[in-house]
Amino acid sequence: MEPEEGPRHLRLHLVTWNVGTASPPPDVTSLLQLNLQDQEMDMYVIGLQEVNSKIVNFLSDMAFDDPWSIFFMNVLSPLRYVKVSSIRMQGLLLLVFAKQPHVPFIRDIQSQFTRTGLYGYWGNKGGVTTRMSVYGHPICFLNCHLPAHMENAGQRLDDFEHILEMQQFEGEKIPNVLDHDVLFWFGDLNFRIEDYGLHFIRESINNSRFSLLWEKDQLNIAKKKEPILQEFMEGPLKFKPTYKFDLYSNDYDTSGKKRKPAWTDRILWRVKHLLQSASEAGEMPEEEAISVSLQSYISHMSYGISDHKPVTGTFVLEMKPLPPVPLVRLHPVGNWDAEQDATVRYSTAPEFPSSAWDWIGLYKVTFKHANDYVMYAWVQDNEISSEEDAKQVYLSAEELPATGGEFLLGYYSNTMQSLVGISQPFQIQPRRMLAEKDLAWDGVSRMQEQLCDEKPPCDF
């Protein structure tokens, strides 16, 4: 499965949402923009804060996927999106999904987390990060939950800089967050609106005069003073402040505290080459390695499970053309039948770092993540032939799905900790005994229908 040649134009949809320990909502069609025709997303990046982190929940989630991860996988896997990365630190959760054809080109995935709550001993605040190479371009996603309350603007900045300093990755070329071509920074950043009183803020919001509040937004104020923040870009805040709402309503806080509304939930990004080119006598490079353009930056008022409204940003990443050749090409040999051993043929790129722990998995076409296989075979242990340009591996009939159906193959690299090759979908014929049973059952069903037609009512 290989994308078409030419410049890569990837549509990336990023979600940030403080879910306030709530369970997933019934529907996220609008949140994920699934109803937009001709604007299918290539990747989804979902950053949540305040995921339920009670001790019982947290311990069970460490052993199994948490309810939010399961929820998004169930929504996206039927649409052929695969979870390529996930990391959780207590209430912070970061998920990355990619459309199947892109999966073999997303490599070198690493994740980190930094606690800042209770002087770094508790993970209720802090940041979780996932970095990866997307078509050869290093990209990083940082989901943060920074300290609350109006008076803690300085602490928020200190914590952000601490997170940047602490997040280190393996490898000499890209050791930390700021070394990536693109860095997306998002989350419940908790910056508030200073000086103005509650009545003025609410009147400005009711009259959609958001620009009156921008100059008193703590993050905008800090961006004028702090060099590190000046490197980040953000879309215009043309939506209502996303905090604090009464649950299941669009009414701002009516409790006795009556907290002032604020744009606490934000999405920013930083492009490294723009900083480099600015330092080179103002000359832009002839060909940019990667560029980022913001398509939409909105809130979603229809979701009321928490006192925050979710915010999404849709981006187009245009990348320098690179040969769209996966490290491993693989396909089934001949027609597969669930009653017979099967053979997979594969070839590798010269630079591919193979390992004794590599394996080939058989997946349903709507698989959720790399470990969501029907069966797998160790590549070296099951090798049956090796030629200069290709090798073959067998899969035992005993483990093939007896019911047959549509599947695909994936090659998992232990060195790169990711799928580096995915085949085109293909059919496996079911075992004949099961097929005969199905035919017999179809015959019985038709007889039952005839009897029901003759002597209604009929209940089977």
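Visitor: What percentage of the 460 residues in the chain do buried residues make up?

Guide: Buried residues make up 51% of the 460 residues. A residue is called buried under 20% relative accessible area, exposed over 50%, and partly exposed in between (1.4 Å probe, protein chains only). This is a predicted model: local features need pLDDT of at least 70, side-chain atom pairs count only at pLDDT 80 or more, and totals for chains, interfaces and linings use all residues. Residues are numbered from 1 along each chain as its sequence is written, and side-chain values use heavy atoms, with hydrogens and water left out.

Visitor: How many helices and strands does the chain have?

Guide: Helices (H or I, at least four residues) and strands (E, at least two) are DSSP runs, numbered from the N terminus. The chain has nine helices and 21 strands. Contact means heavy atoms within 4.5 Å; among contacts between residues at least 6 apart in sequence, 68% join residues at least 24 apart.

Visitor: How is a pair of aromatic rings described?

Guide: Such a pair is described by the distance of the ring centres and the angle of the planes. Rings of Phe, Tyr and Trp (its six-membered ring) pair if their centres lie within 6.5 Å; planes under 30 degrees apart count as stacked, over 60 as edge-to-face and the rest as tilted. The structure holds 27 aromatic pairs. In one of them, the ring centres of Phe210 and Trp263 are 6.4 Å apart and the planes stand at 80°, so the pair is edge-to-face. Phe210 belongs to the loop between helix 4 (198-206) and helix 5 (211-214), and Trp263 to the loop between helix 7 (227-230) and strand 9 (265-271), so the pair ties together parts that are 53 residues apart in sequence. Both Phe210 and Trp263 are buried.

Visitor: Why is the pair of Tyr346 and Tyr411 tilted?

Guide: The pair is tilted because the planes of Tyr346 and Tyr411 are at 50°, with the ring centres 5.4 Å apart. Tyr346 is in strand 14 (residues 342-348) and Tyr411 in strand 19 (residues 405-413), so that the pair links distant parts of the chain, 65 residues apart. Tyr346 and Tyr411 are buried. Elsewhere, ring pairs link Trp357, Trp359, Tyr373, Tyr376, Trp378 and Tyr412 into a cluster.

Visitor: Over which rings do Lys99 and Lys309 lie?

Guide: A charge sits over a ring if NZ of Lys or CZ of Arg is within 6 Å of the ring centre and within 35 degrees of the ring normal. Lys99 lies over the face of Tyr81, 4.3 Å from the ring centre. For Lys309, the charged end sits over the ring of Phe245, 4.9 Å from its centre.

Visitor: Which peptide bond is cis, with omega near 5°?

Guide: The cis bond runs from Tyr243 to Lys244. Lys244 has its place in the loop between helix 7 and strand 9. Tyr248 also lies in the loop between helix 7 and strand 9, and its phi is positive, about 55°, although Tyr248 is not a glycine. At 64% relative accessibility, Tyr248 counts as exposed.

Visitor: Is Gln167 buried or exposed?

Guide: Gln167 counts as buried, at 0% relative accessibility. Gln167 lies in the loop between helix 3 (153-166) and strand 8 (182-188). Leaving aside neighbours within four places in sequence, the residues in contact with Gln167 include Gln112, Phe113, Gly127 and Pro175. A polar contact (a pair of N or O atoms within 3.5 Å; within protein, one must be able to donate a hydrogen and the other to accept it, and residues adjacent in sequence count only if both atoms are side-chain atoms) of 2.6 Å joins the side chains of Gln167 and Thr129.
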